[in-house]
Structure formats: structure tokens, C-alpha cells
Amino acid sequence: MERVKERAKVLEIKDLRVSFHTRRGVFKALRGVDLELYKGEVLGLAGESGSGKSTLGLAIMGLLPRNARVESGEVLLDGSKDVLKRLRDYGSRDVKFDPRKNEKLIKRLNKELREVRGRALAMVFQEPLTSLNPVLQVGYQIAEAVYYHDPMRLVRRAISRNRCTQADLRDLMTTLKTKGEEALIEEVEKRNLRGLEEQILSIWRRQDIHEAKKEKLILSLDKHKLDSKDRLGISIYLRGLQRVPVLGRLAKDALIKEGYRLAVEILTYLGIPHPEKVVRMYPHELSGGMRQRVVIGIAIVNNPEIVIMDEPTSALDVTIQAQILELVSSLKASSNRSFIFISHDLSVLAEVSDRIAIMYAGKIAEVGPVKVIFEEPQHPYTKMLMDAIPTMDKTELKAIPGSVPDMRSPPKGCSFSNRCPFVMPKCKEMEPPMVEVSEGHKVACFLVGERK
Amino acid sequence: MEERTEEGKYSNLILSLKVFFSNRTAVAGMVIFLAYVVDALIMQFDPRLLGVTNPNQFTYNFVNPVPQPPSSQYPLGTTYPGINLLQAILEAIRVDLGYSMLIVVGGAVIGAVVGILAAYVGGYLDELLMRFTDIFFSVPYLVLAIAVGFALGRSFTSMVIALIIVWWPIYARYTRSLTLSIKESVFVEAAKAAGASMVRIMFKHILPNTLPPVVVQISLDLGSVVGVFATLAFIGFIPNANTPELGYLASLGLNYVQSAPWTVIFPGLAITLFALSVNLMGDGLRDVIDPRRRS
Amino acid sequence: MISIKLWVYVLRRILILIPTLIGLTLLVFVLVHIQGNNLILAEYINPRLTGQARELEIQRLTQEFHLDQPVYVQYFYWLGQVLTGNLGYTNTPIYSGPVTTAITLFLPNTVVLSLFAALLIWLIGIPLGVFSAVNRDSPADQGIRVFSFTLYSMPIYLIAIALILLLGVYLNVLPFSGEVSPQMVAGLSWFRDGISYPTHVLLIDAILHGDYAVAWNAFLHLIMPSLTLALAVMAGIIRILRASMLEVLEQDYIRLARAKGVPERVVNNLHARRNAMLPVVTSFGYTVAGLLGGVVVVESVFDFPGIGYWTTQALLNNDIGGIMASTLLFGIVLVLTTLILDLVYAVVDPRIRY
């Protein structure tokens, strides 16, 4: 538990309130959410549909729709960058909310956050079937994410591969085998071949092929030289002419072509068979599970610090679901990224999360380490959720009586009071504060406060 | 349970009205459209209210046939030969509105029957009927109208028939696609399971559900039909028609257009305003029946 | 793999055309016959013949077209004549003679006019629609919406007259009658009796003969008709494109494009526009039908010698040959254009089921 505290916060959400203005009324989706995300952890975010968990994900990305009003709160990236400042400045003002005005601000926000999105922050959406652009090739959709953030990475990859000789590759191979990955990176630097190391390592780290095969593949990297059109495109890019109409097109084509190679590596890593063919396919030619892998590929290709996964498995078959969960676990193990994993399914969250936050009616009801939440849940809602998880030895499932309150006029006091078996008079009067029960375990319920 | 659905229907209606009336341009469109309808009705039943004695004919003035600019006596000026434009436009609206309504409704009725039949019966009949509509889509509608109208003899009646022939296939395709989706819905399945006859299902269950979108389409088409109708008259489809019609009225002033632009502009604007109003109204109605646009 | 599928699709699309084209000829035949035999005679009798020669010709035609036999027999004889290129005679003030010659004179002009209009639509209409949707509710968007809505509601002749008054009369910058100023072509060896040689398109012929002043003049005469046509058709395209663009901009894949940090310019012009164009391309059939229908009005308002001008002249002069031939011709052009656009659609949208 101590360890958690020491870790750096990569994301901090403070008192976030967001409401949706529709013709049917104002829906209060988030009503004061406080949450932190630490480096290298997976935070599971659970809740029923309509609890505001997806809105929270979108808010962090700054991808709210035009009718979303940010009434107050902050989303701080790396402790300083205030993502929603622009929208909050407008939304917190005491004026009649105009979605058109909000849309203008969202447009500016889109421009401001462009550098951050996809590079520091990435998101995987719920619907793999509609998340990919139907008229663009899969490879392009991955390549583009790199092209617009780190084009030099593509240039380096292409040039280093073009420049390296068979002797270089043999030496590097020996270094890798005898001294390991770090030494390889140093050696590549020394030979002025930066960009080659990731290509070598992506082959080296593959699990699906034998070592001899890997060696063969690495040693044949120098066979994939650039053709004259690509060389022209890259030299146009290096001369800074990518804004010139026709020349720019050539530069982009050359870099995107390199991006396709990178996309193949990513798809291989994500366990997609025949990635060389898949990158040339269109989304409708892929199955749901494959598409979700592609979306995940797009999210991780730039090595972002934070990946938000909004119900990434809910639309998929159970078997595919298991594969994707395994993939997420391995991603977590192999990098120092932080994940927010949003799901309505606690059993899914139990598999991947380090900590779990339970959301109810736009607020965090309880948050804590996964073990604590499952073994000693404190909030009545959490307890009831646990009882509702189907397991082998349970004879009956307990559904939670009642339904989520109407978010247009959430009840005064605790929003769970109308369904809570332990409801007390004061629950209807005031909102329970967040109380820290143990290290890192916080609950918003008067029952807990009483006991303390 | 019963009460709830009744209430649901009621609140749905209220929401529909709310959606429509919150759209100011749609309401404006409806007001203008109603003004045209009122004018047409007055001309039909009591033209003297607007100081017109015979709305079936232009009142010529050969003493002073050259177009006069707008003045206090002639608020919109006159056109050749000495016709009071304002009065002529007010008279002409009746003809354009009446014939266009006839064309659109006629086309919609024929089209709806064919479309529902094609979609519901399906199979070869569907294929046959759709290939049949293809033929009508294979000629630009204005050209087809000219050819059909010409073959039937150049008159208003043949123009109306020609335009119905041009327009029904559009409705046939539209109701066909609507029927195809309604056919799959639960209540049709339920009616089938309950043993309702085919004719009963088609007319009792499917037709009423295709009606709202078709009505919207009618409203939107009315604007185009008025335009095409007037255009045909403008290019001289009807020889020496002494009938107040907006396109024909505009063509009377064509030789003077450089010195007296109002002779063409005002009748044209009368059509444009009408088309604009039904388009605005139709867009508003479409928002009402389209659940996606409601929120 | 895909290309084989594509070829199968092309072949199938062409096969579907055959019944449509047969239907088209049937339609024209029915129209010709709706009032009995006299129309078909009127269509095929050389208008120059009189008296005895005319009587003899009628007898010959009755025999050749089997006019004494049942109607369905007549259809096949008539179709036979049509397929061998015999479309009868036309007799209008602008041209009197065999229909086939009239077509070679007028069709090229109409094609050039339509292509110009299509180019203008592409250059103005598409960007306006995208811009309007991307800047939803901005003053510019509202301006574009009012503009396109008004245009959409205007009968095409009013657009033509408005342009004539504005650009031709008040500003006096563009000519608005005919295909060229008469004094420019007086006494030219390659321009006789209002007909230019060899292509019959004045603009192209002038360039071929190196007479650039005439070419420029012809070009100026082309602007207003094509602009009218473009404006009339553009209105619908802007509306459809704006609506579909707005819908596409709400899609998940647009959100994902933003989530991965693609610049807004690329989101709009690549990710969104390519998808938003699909309904526009699907509605191209209607667009082309509108364009070709508009040709009739525009050419007759601007006295531009194309198929449309010929059609109205035929109408005004009760010339059945001209009307029926142009109906057939417009039909064939529309059907073929739709076919081509369908094939383009199949290439643009990878989802299409070949």
C-alpha cells in the first residue's frame, strides 16, 4: 500500500462536474468526481450504465460532445496541464448554456489537445465495429497516428534500414544475443543507426516464432531498401517541404508507407495473423476481435503514458474477450503505462485491475485496491454489486432492487438512498463525504463514518 | 398498462409539436404556405374579396401593353400586355398550387400502392415493378415530362398527367424501402401470427406507418413540382394559354426583361417563396418524425 | 482477387442496363404511338417533300414500318430502324434534316456545357458543403445554408434570368446569348451557317484553328449557362453533403481520429469527407438527371445550340422527330452516366458488395 502512495500521479481529477443539455432536460452525468491515476497501474472503473463512467473517460480526453457542460472541476495531466480549462471557464459561468458557443470552444480544445491526444493520452472505445474509419485501410489508420505525432520516428526507421549493411546487422545480432537489449540500443546509437533498434527488437520479442527464424528475419532487414520514390519523399520531408502541395503528398506517402511497416510490427505484437495482408484490408473485412486489436494498436503505437479503455471487451464474444484481457495484462506487464479500464463487469475488472473505483450516479462511491474492494467492500452499493456477480457456488443471484435515479433531478443527499437497505434519515438530507477507511481505500457512505 | 401507452402517445404528440414549433424557420414556412393556400381558396370560392372578377383569365390592357414599373396603382408593376402583376400573381397561385397538389398527391398514391405491393409481395413482382420504375428514372424528368406531355397534346391536363407519370416512381421506390423496414418490425410479425390477411396487413398495418414519411416527402416535393410545372410553362409548353400561371406569366415579360426585370422576377419570386416555405416546413416535419434528430 | 470481383460487378451492372434500355425504347415507342400512326409518319417523313412525293413516301413508310400490322409488330420494325441509326427527321428553325445529323451538331455542345457545369459544382459545391458542416452555426454556415436553400427553391429559369440581369445587364461583364458573338465569326472559313467544323464545338474548333480570340469569346459565352446549371444542381449537393457531413462528424471513427491526435484539417478533409461523399455519390443519379433536365431550360434561355435548345425548339414547333430523338438520347446519356458513376462508387467505397 505504501508503494502506491510513492508512485507519481500521472492524472488527477478534481471535483469534476459535467452535465448534458438535451431537449428532454439537463442530465447531470458527473457530479463531483475525484480520482487519481498513478504511474504503471491499471485503474478499473466500474458502474451501471448511466453512472457516468464513459463520460468520465471522454472528459479526460477532452472529447465531450457539444451539449456537454463542464460546470466545475479539473483534469490535470502530469500534475499541471489542465485539459478542460476552456470548457470549464465557459461552463462554470452563470449564463444560459449555449451548445453552439461550447462547440466553438471544443474546436479550439481539439486544436490545443492534438499534440497530447494519441501521444500522452490514448483511448480505446467501446464499439470496435464503428471505431475504425470504413473507407481507410487499417494500416493507414495506424500509420497516421505515428505520422502526425512523431514523423521523425518513421524517417529514422526508413533511413537506418536503408543505410545498414549485412555486417552491421550481424554485429548487432551478436551484441543483442550476448549483451542484451540495452547494449543493442547503445550499439545502434554508436553506429548512427537510430530507428533500427525498434525494428530489430520487435522481431526479437516475438513469441510466435523460433529463435533461428527471428535471427533470419533480423538479418534480412537490409533487404528492404527504399525505392527512389520513397527516397525522394523522405528527402522532401527532411528539407521541410511537406507543406508544398504536390511535394507534400510525396513526403506523406513515403512516410505512411514506412508507417505500414510499423503497423505490421504492431499487429504482429498484438497477435493478428497475416499482418502484412491485414494492413491492406478495410475494417469491414475484419472480425470484431481483430478490429478491437487494431484500435488497441492505434492507442499504443506512440507509447502513451495513459490509455483509457472504455468497455473494450463488452461488444465481443467471450472467447475474444478473454484474449483481449490477456493482451491488456501483457501490455501492462511490458510497459510502464497507466491504464483506466472502464467496464460494467466486475469480474473483468478483477482480472486486470490494480485498483478499482465504483461509480454510482455520477460520483465515486468507493475506491480502493482490488483485493480490498473484493474482500472487504464497505459501501452498500459495492456489496450489492459483489452479490450480483455470478459465480459457480452461488445458488441465486441477487439483483439490486430499484433503478438508477433520474439524472435530471438526482435526489438530495446520497443518490443511492432510494435503493439502499441501510438507509438512514440523514442519507436523504446530505451527501456523505469521502472517508478514507484504510490506506488508499475511500468510501462515500455514512455507515462508514458512523463506525469510525 | 393501457393508460401508460395512452399517456405515452399523448406526450409523444406534445413532444412532436414542441419539436416542430421550436423550429422557428419551419413555423415561418408553414405560415407562408398557409397564406398561399388561403389565397388559392379565396380565388377559387370568392375572388371578389381580393377585387378579382375572373380568376381564370388574365385581364389584358392593350391600350398600354408595355410593362410599367411598380407604382401605387400597380404595386408590382405590369407585364405585357398591360397585365397588373400583383393581381395576376394572386390569381396564378391558385392554378400552380392546385395542379402541383394534384400531381404530388396523385404520384404519391400510385407510388405508394406500387411500392407497398412490390415490397410486401416481393420476389418476381418486386423485381418487375422496380425494373419498370427504372425505365422512368432513365430519362431526365424534365425531358420525360416534355415528351409525355407532347404526345398527349400540349395542354395543362397533359402537363399534369405527364408530371404524375414522372413523379410516381420516386414514391414507389420510397414507399418500397419504407415497407421493407416496416415489414420486419414486431407488430407486423404479430399481425401475421394472429392470422391477418395480406391485404389487411398491407393497408391496416403498413400503410399507416409509411404515411408520416410520405407526407414529409410530399411537402418537400411540392416545392420541386411547382418549379418544374412553372418551368415547363415558361419554356412555352402551352401555346397561347390565357390562363394565369406563374411560369407562363413570367414568360410574357421575357422580351422586356432587360428594361423591365420585374416582369420575370416577381412571378419567379412568388414560386421561390412558395418552394422555400414548403421546403422549410418539410424539413421541420422531417425532424419531427426522425427520432435521431429529436434530442 | 478484388479486381475479378470488380469485373463481375461491372458486367452485372451492364447486363442490368439492357432491360432498362429496352424499356426506354418501349417508352418512346408508346409515346410515339399514343395518338395512332400519324405521329410516327410525322417523325419519319422528310419535311421537304410535298404533294405526290409525300403521298408516295407515306406509302413507303407504311410498308417499311409495317404500320398496317399490330402495334407489337410495329415496335420491332421501329426498333430495327432505331438500332440501324434511322431516327427520322427533325424540322425546327435551328436545324431541319435527319435527326442523326442534328445529334452530331448539338450533342457535343451539350456535353461540353455539362462538363463545365460539373467542374464548377466540384470546385464550388463540394468545398462549400464541407465548410458549412465543419463550421456549423457560424455566420458563414448560415449564409451558405440560406444561399443553398434559396437556390434549391428557385426554378432554374429564374436563376438564369437573375444571372443575366446581374452579370450581363447591370455589371455587363459576360455575354448571355448564343455560343459566340456573331461579329467574331463572320467570314470564318470553318464556321458556316451557324455551324463550326470539325467538332461542332466552337471553343474546341477555335483552338484547333489557332483562333484564340474566338476561343476566348466562346469561353465567355459558356460561363453563364454553365454557372446557372451548376448553381441549380449545386444547391441540392450542398444540402446533402452538409447533412451527411454533420452525421459523419458524430461517428465513433471521427472521435477516434481526434483521440489519436490527427489534425482537424485532416479529420475533416480526409476522415469525414470521404465518408460524407458517399450519399452524394449515391444521389448522383438524381443529380445528373437534374443537370440534364436543367440543360433543356438553360440552353433555351441562353440560346445555346445544344440538345436542350433543340428539344425546346422541337416542342415549340410541334416537331415529333426532335422530341422523341432527344428523349431517347437524354435517356441513353443518363443511363450511361449513372453506370459510370456506379462504378466509381464501387471503387470509392470499399464496403460495397460487388
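This is a predicted model: local features need pLDDT of at least 70, side-chain atom pairs count only at pLDDT 80 or more; totals for chains, interfaces and linings use all residues.

Biologist: What does the C-alpha trace of chain C span along its principal axes?

Modeller: About 85 × 50 × 40 Å. Chain C has 354 residues, and 43% of them count as buried. Of its contacts with a separation of 6 or more, 69% are between residues 24 or more positions apart.

Biologist: How is chain C divided into domains?

Modeller: Domain 1 is made of 1–42 + 44–87 + 320–354, and domain 2 is 98–318. Between them, 18 residues from domain 1 of chain C meet 17 residues from domain 2 of chain C. Going by C-alpha atoms, the centres of these two domains of chain C are 27 Å apart.

Biologist: Switching topic: which residues of chain C does UniProt list as "transmembrane region"?

Modeller: The unreviewed UniProt entry lists 14–34, 111–134, 146–171, 218–241, 280–302 and 322–348 of chain C.

Biologist: And how much helix is there over residues 218–241 of chain C?

Modeller: That stretch of chain C is 100% helix and 0% strand, with 33 Å between its end C-alpha atoms. Residues 280–302 of chain C come out at 91% helix and 0% strand, and there the end C-alpha atoms are 29 Å apart.

Biologist: What about helix H10 of chain C, how far apart are its end C-alpha atoms?

Modeller: Only 47 Å. Helix H10 (residues 212–249) of chain C has 38 residues, and a straight helix would reach 56 Å at 1.5 Å a residue.

Biologist: Where does H10(C) bend?

Modeller: At C:Met234, by about 35°.

Biologist: Is H10(C) largely enclosed or open?

Modeller: Largely enclosed by the rest of the structure, because 27 of its 38 residues are buried.

Biologist: OK, on to the neighbours. How many residues of chain C are in contact with chain A?

Modeller: 20 residues of chain C, and they touch 28 residues of chain A. On the chain C side, helix H11 (252–259) and helix H12 (264–282) each supply at least two residues. H11(C) gives the largest share of that side, with 7 residues.

Biologist: And how many residues does the contact between chain B and chain C take?

Modeller: It takes 34 residues from chain B and 38 residues from chain C. On the chain B side, the elements giving two or more residues are helix H4 (123–137), helix H5 (141–152), helix H8 (198–234) and helix H10 (262–289) of chain B. The largest share of that side is the 10 residues from H5(B).

Biologist: Which residues of chain B carry the "domain: ABC transmembrane type-1" feature?

Modeller: UniProt, in an unreviewed entry, places it at residues 97–282 of chain B. The span is 82% helix and 0% strand, and its end C-alpha atoms lie 16 Å apart. UniProt's "transmembrane region" entries for chain B, also unreviewed, include 97–121 and 214–239. Residues 97–121 of chain B are 100% helix, with end C-alpha atoms 35 Å apart. For residues 214–239 of chain B, the figures are 81% helix and 35 Å.

Biologist: Last one: what pLDDT does chain A average?

Modeller: 87, and 96% of its residues score at least 70.

Definitions and conventions
Residues are numbered from 1 along each chain as its sequence is written. Chains are lettered from A and ligands numbered from 1 in the order in which they are written. UniProt positions are given in the numbering used here, feature names are shortened, and annotations may be inferred rather than shown by experiment. Helices (H or I, at least four residues) and strands (E, at least two) are DSSP runs, numbered from the N terminus. pLDDT is the predictor's confidence in each residue, from 0 to 100. The expected span of a helix is 1.5 Å times one less than its number of residues. The bend at a residue is the angle between axes fitted to the seven residues ending there and the seven starting there. A residue is buried if 20 or more other C-beta atoms lie within 10 Å of its own, exposed if 12 or fewer, and partly exposed in between; C-beta atoms are placed from the backbone. Domain bounds come from an automatic or database domain assignment. Two residues are in contact if their C-beta atoms, placed from the backbone, lie within 7 Å.
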